[in-house]
Amino acid sequence: MEKNKISNFLTPDISYLLGLITGRGEIQYNVDIKRIVIDFEYKTQKVIAGSLSLDQKLHIQTSLDSVVIRLQNMGINVQKDVSDKKISLALKWEKEDISWLFIKFLINGTRFSYHNFQIPEPIFDTSDTNKKEFLRGLSDVTAYVRDSNKDQRGKHRVYIEISNKNWYIPPQLCQLFQSLNIAVQYIGYGHPNLRSSKSKSTTTSWAKEHQMKIFAEDFEKVGFYISHKNEVLQELSVYNKKNFTNSQKLCDGTSQRKASKRIHPHETHEKLPQELQGKHFNGFKEICKCLYCYKQN
């Protein structure tokens, strides 16, 4: 008889919630307060892509109605707060009930925000349906699909934007995507060798969010619940399928890159994690290896 595993207790609803929390969640916890705040941020009111011009604030507000109902059906008290540049979901608990303790356990009680959350281990062992729900939750709050995200050939991509403080999530996400046969095209780490390789500037302008890039037609296998993101995704996926016949292969951990990048004075900067400090990198896969890429370790 198979022993009980935590992954056996995951559902699509819990997996989606874990994705939201891992992507943009923050735990606020003391004797009197037990709540998790999840932010859906937007920089501009309008999103224009292909033939579409969409009011993203309105789309986020409307899309979140079904998310709120989904969370309420799990017995969670949730409130939607709207401001100029973001819409937040505030999940509240009056006492330490089983749902609060289970979620705390899954996301690890020693971490309190998306700046250092990691993917809960049971997500790697769960069903493909639950993995997709986790990735959809994370992408609803961290991923963007825009005209400007296309590559040099004009092929459209989805960008998943991860806090620069969280260096360990990108290779973990790549592993999860690859387990669903979805290829990650590129990981643009916020590292001086990748983001400031030709500049002589000594500012830390390189310390921006890490960007994971996935071609639109590949990302369709996950998709979004936020309606304007999914409409743009479908439009740009159709364009890619019509205009490009090649497909991105899954990463096998090897790199064909031969070019060398110049030495940067910030290769020992305190903003870099210990695993990367004092090291020089010519490509993103070399950074992945130091951050425990499952294909290279």
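**Close-up views of a predicted model**

**View 1. The largest cavity is lined by F40, E41, Y42, Q56, I60, D140, V141, Y144, I226, H228 and K229.** A cavity is a set of points on a 1 Å grid over the protein atoms alone where a 1.4 Å probe fits but cannot get out, and lining residues have an atom within 4 Å of a point. The model is predicted, with local features requiring pLDDT of at least 70 and side-chain atom pairs pLDDT 80 or more, while totals for chains, interfaces and linings use all residues. Residues are numbered from 1 along each chain as its sequence is written, and side-chain values use heavy atoms, without hydrogens or water. The space in the largest cavity is about 60 Å³, counted as that filled by probe spheres set on the points, which are joined across faces, edges and corners. At least two lining residues come from each of strand 2 (34-41), helix 2 (56-72), helix 5 and helix 9. Helices (H or I, at least four residues) and strands (E, at least two) are DSSP runs, numbered from the N terminus. Six nonpolar, two polar and three charged residues make up the lining of the largest cavity. Ala, Val, Leu, Ile, Met, Phe, Trp, Tyr, Cys and Pro count as nonpolar, Asp, Glu, Lys and Arg as charged, and the others, including Gly, as polar.

**View 2. The second largest cavity has a volume of about 40 Å³.** The search of the whole structure finds two cavities of 30 Å³ or more. Around the second largest cavity stand T22, G23, R24, Y114, L138, I162, S163, N166 and I169. Helix 1 (residues 12-24) contributes the most to this lining, namely three residues. By class, the lining of the second largest cavity holds four nonpolar residues, four polar residues and one charged residue.

**View 3. Four strands form an open antiparallel sheet in the order 7-8-10-9.** From one strand to the next, the twist averages 25°. Strands count as paired if DSSP finds at least two bridges between them. Three bridges link strand 7 and strand 8 in the antiparallel sense, and Y144 is set opposite Y159 of strand 8. Strand 8 (residues 157-162) is also joined to strand 10 (residues 210-215), again running antiparallel, by six bridges. Along strand 10, F215 is the bridge partner of R157, and Q211 stands opposite E161.

**View 4. Strand 8 is largely enclosed by the rest of the structure, because six of its six residues are buried.** Buried denotes under 20% relative accessible area, exposed over 50%, and partly exposed the range in between (1.4 Å probe, protein chains only). R157, Y159 and E161 of strand 8 point one way, whereas V158, I160 and I162 point the other way. In a regular strand, side chains alternate between the two faces of the sheet.

**View 5. Helix 5 (residues 128-142) lies across strand 7 and strand 8.** Helix 5 runs at about 70° to strand 7. Helix 9 (residues 227-243) also packs on the sheet, where it touches strand 7 and strand 8, and its direction makes about 50° with that of strand 7. Axes are lines fitted to C-alpha atoms, for helices over the stretch in contact, and angles run from 0 to 180 degrees between N-to-C directions.

**View 6. N149 is located in the loop between strand 7 and strand 8.** N149 counts as buried, because its relative accessibility is 2%. Leaving aside residues up to four places away in sequence, N149 touches Y144, K155, R157 and Y159. Contact requires heavy atoms within 4.5 Å.

**View 7. N181 has a positive phi, near 60°, without being a glycine.** N181 sits in the loop between helix 6 (169-179) and strand 9. With a relative accessible area of 51%, N181 is exposed. Y292, likewise not a glycine, has a positive phi of about 70°. The segment after helix 10 (284-290) contains Y292, which is exposed at 52% relative accessibility.

**View 8. A hairpin of three residues joins strand 5 to strand 6.** Strand 5 (residues 77-82) and strand 6 (residues 86-92) run antiparallel and are joined by six bridges. Within this pair, V78 stands opposite L91 of strand 6.

Notes: On a 1 Å grid over the protein atoms alone, a cavity is a set of points where a 1.4 Å probe fits but cannot get out, and a pocket is an open set with protein on both sides within 12 Å along at least five of seven lines; lining residues have an atom within 4 Å of a point.
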